[in-house]
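Please look over the sequence and the model shown here before reading the report.

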Amino acid sequence: MKKLIFVMAAAILGLSQSAKAQTNLQTFYDFGREHVTTTLEMFKGDNWGNTFFFVDYDYATKNTPSGTYMEIARCINLWQDSKLGALSLQVEYNGGLGIFELPASYGGFGVNSAFLGGLDYFLHSSDFSNTLNLKVLYKNIRNTAQQVPLQLTAVWGCQNILGLKGLNFSGFADVWWESKCVFISEPQLWYNIGQLFGVDNLNIGGEVEFSYNFAGVDGFKCRPCLGTKWVF
């Protein structure tokens with residue numbers, strides 16, 4: 001699962017507060033963990049800010065999903081038309097469950113709930129084709145020792161890169177502190193292949209997960225994934 005021991009999957013959408021809603025379903029094969037993950041993701045802007053969530057399911061066991069993980073974040077911005085319009089307040093919740101196979105049954109574990117709150121600063125090009133969100137968030141992870149209760153996040157989105165219509169680069173990078181410093185980044189590259197035959201919903205591409213001291217695995221890891229994304 002993304003930000004969990006299994007796998008991956010969503011690049012947070014760097015869009016303006018006035019952006020229309022977008023919901024998409026991503027399906028990946030993770031070559032590092034050797035299983036499939038699906039991610040349902042939604043972003044919607046409104047007059048009070050924006051809401052983002054995703055739900056991951058991993059499929060590493062034979063008869064049942066091997067885990068699920070969810071993040072939901074709300075940016076609050078009641079001053080969008082002022083000089084401080086780029087600055088939002090953010091609240092967020094993260095949590096999930098995992099399942100593993102035993103010889104004659106299954107076992108399970110929980111992902112400790114995390115509660116976050118802080119500031120989001122939004123930067124963009126004049127046409128909003130390139131965006132960057134910078135976040136400073138207080139982070140409290142239940143039942144977990146934390147050196148510093150803080151998370152720093154960057155989220156980016158770049159459309160039509162290299163001058164190629166439909167080729168988009170997006171992703172995020174998080175760093176926070178538990179007993180050690182933890183880092184994870186998941187840059188994604190998508191091409192809107194469906195535009196070639198009248199089905200603009202369909203994208204192909206993938207992501208690479210770069211992590212350090214993440215999900216109980218010490219040191220640096222690099223896990224490539226290939227997949228599809230269907231935008232509803």
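The report below covers the overall fold, the salt bridges, the cysteines and a surface patch.

## Overall fold

This is a predicted model. Along the principal axes, its C-alpha atoms fill a box of roughly 60 × 45 × 30 Å.

Of the 232 residues, 43% count as buried. Among contacts in the protein chain with a separation of 6 or more, 48% come from residues 24 or more positions apart. The accessible surface comes to about 11500 Å², and carbon and sulfur atoms account for 64% of that surface.

## Salt bridges around glutamate 209

Side chains of opposite charge can pair when their charged atoms come close. The whole structure holds 6 salt bridges. In one of them, the side chains of glutamate 209 and arginine 33 meet at 3.1 Å, N to O. Glutamate 209 lies in strand S12 (residues 202–214), whereas arginine 33 lies in the loop between strand S1 (22–30) and strand S2 (35–46), so this pair ties together parts that are 176 residues apart in sequence. Both glutamate 209 and arginine 33 are buried.

Glutamate 209 also forms a salt bridge with arginine 223, with the closest N and O atoms 3.1 Å apart. Because glutamate 209 is in strand S12 and arginine 223 in strand S13, this pair ties together parts that are 14 residues apart in sequence. Glutamate 209 has a relative accessible area of 0%, and arginine 223 counts as buried at 14%. Salt bridges with shared partners join Asp30, Arg33, Glu209 and Arg223 into one network.

The strand that holds arginine 223, S13, covers residues 217–231. Apart from neighbours within four places in sequence, arginine 223 is in contact with Asp30, Gly32, Arg33, Glu207, Val208, Glu209 and Ser211.

Arginine 74 and aspartate 46 form another of the salt bridges, with their closest N and O atoms 2.9 Å apart. Arginine 74 lies in strand S4 (residues 67–76) and aspartate 46 in strand S2, so the pair ties together parts that are 28 residues apart in sequence. Aspartate 46 is partly exposed, with a relative accessible area of 26%.

## Cysteines

A disulfide is a covalent bond between the sulfur atoms of two cysteines. How many disulfides does the structure hold? The number is 0. For cysteine 181, the closest cysteine sulfur is in cysteine 222, and the 18 Å between the two sulfurs is too far for a bond. Cysteine 225 is in no disulfide either, and the nearest cysteine sulfur, that of cysteine 222, is 9.3 Å away.

Are cysteine 181 and cysteine 225 buried or partly exposed? Cysteine 181 is partly exposed, with a relative accessible area of 29%. Cysteine 225 is buried, with a relative accessible area of 4%.

## A nonpolar surface patch

Trp48, Ile76, Leu78, Leu89, Val91 and Leu119 make a nonpolar surface patch of about 590 Å². One of these residues, leucine 89, is placed in strand S5 (residues 87–101). Leucine 89 is partly exposed, with a relative accessible area of 41%, and a patch residue needs over 30%.

Methods: Residues are numbered from 1 along each chain as its sequence is written. This is a predicted model: local features need pLDDT of at least 70, side-chain atom pairs count only at pLDDT 80 or more; totals for chains, interfaces and linings use all residues. Side-chain values use heavy atoms; hydrogens and water are left out. Patches are made of residues with over 30% relative accessible area and no salt bridge: like charges are joined within 9 Å, nonpolar side chains (Val, Leu, Ile, Met, Phe, Trp, Tyr) within 5 Å. Accessible areas come from the Shrake-Rupley method with a 1.4 Å probe; for residues, only the protein chains shown count as cover. A salt bridge is a side-chain nitrogen of Lys or Arg within 4 Å of a carboxyl oxygen of Asp or Glu. Helices (H or I, at least four residues) and strands (E, at least two) are DSSP runs, numbered from the N terminus. Buried means under 20% relative accessible area, exposed over 50%, partly exposed in between (1.4 Å probe, protein chains only). Contact means heavy atoms within 4.5 Å. A disulfide is a pair of cysteine sulfur atoms within 2.5 Å.
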